[in-house]
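Morning, everyone. I have one chain to walk through today. Have a look at it first, then we go from the overall numbers to the charged pairs.

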Amino acid sequence: YDYYGNVDVYFNYDANGKIKILDMEFKPEKTDADWIGQIGEEGVYFSSVYPTGEEVLISEFTEDITHDGCDDLIQVVGYSVEESPDAETVTSINSEGCYVKVFKGRADGNYEEKPVFISRNYHMSHMGNGTICMSEVNGETYLLAAEISEGQGEAAYRFAAFYVDSKNGIVLEEQSKVKFSVDKESHPDWEELVHREDVMDEFRAKISPFLEESVLLLSLDANEDAALYSTNDEVIDANAYFEKVWARED
């Protein structure tokens with residue numbers, strides 16, 4: 001299950017990693033906040049039915065994502081129908097996809113059984129690409145979700161930094177989105193278009209505070225050589241991905 005634009009697309013992957021569409025259902029157009037994720041197990045990006053296959057825990061951290069004074073449990077998990085999968089398997093093109101879940105912390109040091117937040121499905125196929133991080137700014141911890149998309153002569157970058165409030169849901173701290181053209185050879189009207197250098201300074205200025213103290217939870221980007229993700233043994237700074245993005249040229 002995933003969500004693109006205003007259509008629910010139900011699909012799986014064949015042995016070669018190609019998408020096989022099972023069903024499609026049109027939905028109302030989503031709002032600016034909807035793409036980030038959804039409170040609880042029912043919502044725009046996640047149904048109560050988990051993907052098929054075995055769940056693999058990629059990493060888990062404890063930070064106060066709900067801003068209530070109690071540390072929450074943040075898990076990065078992936079799913080695969082292969083036998084004895086590992087983190088590399090569930091972040092590959094043949095997986096069922098990955099999710100970030102937040103379990104609300106309680107005053108007794110334990111966590112709620114059901115997640116208060118579940119991200120959308122992240123997948124190494126281009127349509128499922130995305131990056132999600134944890135960021136600390138002014139002593140508060142946020143989730144930072146970004147989509148860095150380039151293809152067919154066009155690019156769209158967007159991010160949202162947010163926390164999860166038990167009563168108010170997703171609370172946006174900052175967000176930005178830009179669109180521009182890439183690949184000069186594919187645009188006869190290149191000089192009339194918006195280019196990378198026209199928008200990138202403003203975009204970087206808005207996202208940079210959330211990259212100064214950050215952990216890259218998961219980044220699946222078909223334009224990069226491989227998936228990036230932190231484990232409990234090796235924590236990766238979010239800049240390990242974004243420095244590659246800033247270095248891109250048309």
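Of the chain's 250 residues, 49% count as buried. Buried means under 20% relative accessible area, exposed over 50%, and partly exposed in between, with a 1.4 Å probe and protein chains only. Before I go on, two notes on the basis. This is a predicted model, where local features need pLDDT of at least 70, side-chain atom pairs count only at pLDDT 80 or more, and totals for chains, interfaces and linings use all residues. Residues are numbered from 1 along each chain as its sequence is written, and side-chain values use heavy atoms, with hydrogens and water left out.

Now the fold. The chain has three helices and 14 strands. Those are DSSP runs, numbered from the N terminus: helices are H or I with at least four residues, strands are E with at least two. Take contacts between residues at least 6 apart in sequence: 53% of them join residues at least 24 apart. Contact here means heavy atoms within 4.5 Å.

Next, backbone. Most residues other than glycine have a negative phi. Which residues go the other way? His67 does, with a positive phi of about 55°. His67 sits in the loop between β5 (54–63) and β6 (72–80), and is partly exposed at 23% relative accessibility. Asp183 also has a positive phi, about 65°. Its loop runs between β12 (169–181) and α2 (196–207). Asp183 is partly exposed too, at 36%.

On to charges. The whole structure holds nine salt bridges. The criterion is a side-chain nitrogen of Lys or Arg within 4 Å of a carboxyl oxygen of Asp or Glu. One of them joins Arg106 and Asp108, at 3.4 Å from N to O. Arg106 is partly exposed at 32%; Asp108 is exposed at 51%.

Arg120 and Glu147 also pair, with their closest N and O atoms 3.4 Å apart. Arg120 lies in the loop between β8 (117–118) and β9 (130–137), and Glu147 in strand β10 (residues 140–151), so the pair ties together parts 27 residues apart in sequence. Arg120 is buried at 5%, and Glu147 is buried at 17%.

Then Glu150 with Arg196, closest N and O atoms 3.2 Å apart. This pair links strand β10 to helix α2, 46 residues apart. Glu150 is buried at 15%, Arg196 at 9%. What are these two part of? A network of salt bridges that links Glu150, Arg196, Asp221, Glu224 and Arg248.
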